[in-house]
Amino acid sequence: MADMKLPRMLFGKILRSPYPHARILNIDTSKARKATGVKAVITANDTPKLKFSLHPPLRADKMPLEEFKVRYVGDEVAAVAAADENTAQEAISLIEVDYELLPAVFDPEEAMKPEAPKIHDDESNVASYLVRQFGDVGLGFKEADRIFENRFSTSRVTHCCMETHGCIAFFLASGRLTVWSTTQTPNFLYKEIARALGIASRMVKVIKPFVGGAFGGRRGMDMQDAICALLSMKTGRPVKICNTREEEFTTSRLRYPMVIKLKTGVKKDGTLLARQATVITDNGAYNYKGPAITGAAGLRLDLMYKVPNTKFEGYVVYTNNQYGGAFRGFGSPQITFAIESEMDMIAEDLGIDPLEMRLKNSYSAGYQTISGAKITSCGLQECIKKGAELARWREKRGRRDGRGIGMATLVHTGGGTKDYGYNCSEAFVRLNDDCTVSLISGASDTGQGSDTILAQIVAETLGVGVEDIEVITGDSDICPLDLGAWGSRQTFTSGNAARIAAEEARRQLLEIASEMLEANPGDLDIRAKKVFVKETPDRKLSMAEVLAQSYSKKGRPVAARGFFDEQISTNRDLHTGFSNPFPAYAFGAHFAEVEVDRETGEIRVLNIVAAHDLGRAINPMAAEGQIEGAVAQGLGTGMTEYLVWEEGQTINPTFIEYKIPSAIDMPNVKPILVESIDPNGPFGAKGVGEPGLVPTAPAIANAIYDAVGVRIKDLPLTSEKVLNALRELKNGKEEALI
Amino acid sequence: MREKIELKVNGDLYQVEVDPRKTLLSVLREDLELTGAKMSCGYGVCGSCTVLVDGKAVCSCLVLATQAKGKEIVTIEGLSDGDGLHPLQESFIDHGAIQCGYCTPGMILSAKALLDENPSPDEYEIRSAIAGNLCRCTGYVKIVEAIKAASAKMVRSWQISPSSAAGRRKSTQD
């Protein structure tokens, strides 16, 4: 995106609120309009003033340019299109906005109180309240031998894609709008932009060029896309808006911070009986993915291990903070930090090996959870055992000598979810007469390699080489329906659609070949672009000959559509929430070895073994790459990444102060691929895009406890916290809890 | 007040008229349309803008274009030799060291600068050399593997033995 330019292109800049909570009294754009090189200045008055919701019927509460009120530092107020970036930057500084400052609230627990300033002028700042319960936790706790109650909290971290958000919008005189955007979901973005602008969705086309990383940060429309479109509509020229790194830190999405109050009841042999959680999510100033992510976190209560009684309450609370969005893991990293830290605390108290306790409570393929999740394939136990062996768990554990090893597991979707009420994918495969194959898919490659995986699936099905497949993705006009790159879904869902299309194309090819070879289609096979009779392989034809017959002699192209809708999920009971949320489940276990300096509190992570069940590794190198990259993000989330806010203002919006791991910061990372062969995945495969991030932080927290006996329950895990905890331990407190 | 300067990039001479405040990165990307060097932070921490200036890996976002006059500048576009890819480029592909690709040009050039000076680096030396090139996708594992493999291949093809390369390394440190 950053490399693209169009003739007569203008540059856009957005004027944002410097205040966390204020009324807009007046906006004076006169000076900006007069400045040389400025072609358009827009405010809310230049928009249809429609409130936007990423996911109707979720409450629509955000306008691309706010009219009456700003609710976080960075809220969009006006925008400018000018001949170059510098002119645009100067022009927005010439826009004068009169604000009336309002009291602001930054802590979600404070924001929940009745006396807190109301961010959306409602009676309460609780944007959503979610409740989900199965079994009877009261009974479960009654039967428990021991009950544990702990409070955990997670931090604000952000995607830090190497390419910042950017878009080019070009509104043609014909009325059609083309938007090039760093998106993960071109087939939904065009509808979102249309909704925000109040125009018909067929008037918008989105093209996804090569994108420099996504990780969930490009899951839905950024206000930048709509504003850029408005500027182009105003000027009739292409307009480009690209975030600076500072704008990326301060205005793009981040992971929702959560406070998790966990209560777990167990038998003294370690059997889990009941689990109750209250989660308070900092929704930030606007709805985006807060409710969905909070709900996703709640799913884990009975998905992680066999738990017969659960109760989940989620409060999604508006604050005057920058609002979050989807980020690799989607609620799972937050709740897993809590659950997996507590598992170790429970095991320690009961005198049981935490690995054995996890194995004891784990399930296998064929299990159905109390909330309705159907586990079709499960490699968790294998992940735990193989990971423990490679990490040398038995040998390294329990010395309490400054070095320690800790583990944590995860469960995640391996095939997306019916977030929109459906989870489908469509693909087209055409066998061209030169034996190349065109695959047209709605899937999106943002660097994770989905184009390659889809090509491999089609190549395997058709008996051609991967190099013969041309994968066409990223154009909402041409590419068919696909929800896009999120939820670790594309290998499973888009892959199944591609496989179905390829199988139909194969069937058509074999039908022609069967006439030519005078055999039944069922007796034929295709390998290395040769169609042959299985019993007598000498009776063969090249694929080129068959296609020539089909195209040139009969005028029949070989082309097919594949549609996959994950039928596997049962419908959700609207009253209880009983449902199978995911079509396939991905599992994994991380083992982290650390060294803690008792004098300084410094934590050095030495080794991480990351074992992941991905069904079938269609491309082992790519799968390892996904896991290794995710572990790096998990390491950052756990230890060095933390957005620092004061009065709603990000005060560390640079790579200097917000530290993502560099090559020299990384420990040894050893991925292990476990293949449980899912019955519904393409060639048995499930997703692995998100899972690699989920258990890293709790594995490290558990390793720190093993090393020096201190428990940190609040991310990130810093040397200061360790040192303070060690001092408290020394001062004779029974248990140092941070 | 624009200044006329001559830049030598990838062996070619370019005459450009630039605002003296413009960085080398901006001139490469906008005036010369060599978009391989990327803008990601703009203040010299992420390394996406890395190019070679007289053989040294530098952050081109921290270099004024006018400072680059008379220097030999190499960008990623100048790395391959005709149709053939540089061994580092091939190795990155073979080892899965590229995911989104945004950090890749800078990463490869930092690796090239390392191998030109130190043909057989150990893992620590490799990681140190690329410590200024941030990658959010790969976790660096396959990038390090790719650089190790490329160095082995390049040493073989130069017919320099690792021990004499070590001797060469020692002398450059003295």
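**Rings that pair, and charges over rings**

Author: In this predicted model, Arg255(A) lies over the face of Phe327(A), at 4.2 Å from the ring centre. Residues are numbered from 1 along each chain as written, side-chain values use heavy atoms without hydrogens or water, and local features need pLDDT of at least 70, side-chain atom pairs 80 or more. Chains are lettered from A in the order in which they are written.

Reader: What puts the charged end of Arg253(A) over the ring of Tyr323(A)?

Author: A charge sits over a ring if NZ of Lys or CZ of Arg is within 6 Å of the ring centre and within 35 degrees of the ring normal. The charged end of Arg253(A) is 3.7 Å from the centre of Tyr323(A), over its ring.

Reader: Why is the pair of Tyr72(A) and Tyr286(A) called edge-to-face?

Author: Rings of Phe, Tyr and Trp (its six-membered ring) pair if their centres lie within 6.5 Å; planes under 30 degrees apart are stacked, over 60 edge-to-face, the rest tilted. Here the centres are 6.3 Å apart and the planes at 80°, so edge-to-face it is. Ring pairs also link Tyr72(A), Tyr286(A), Tyr288(A) and Tyr323(A) into a cluster.
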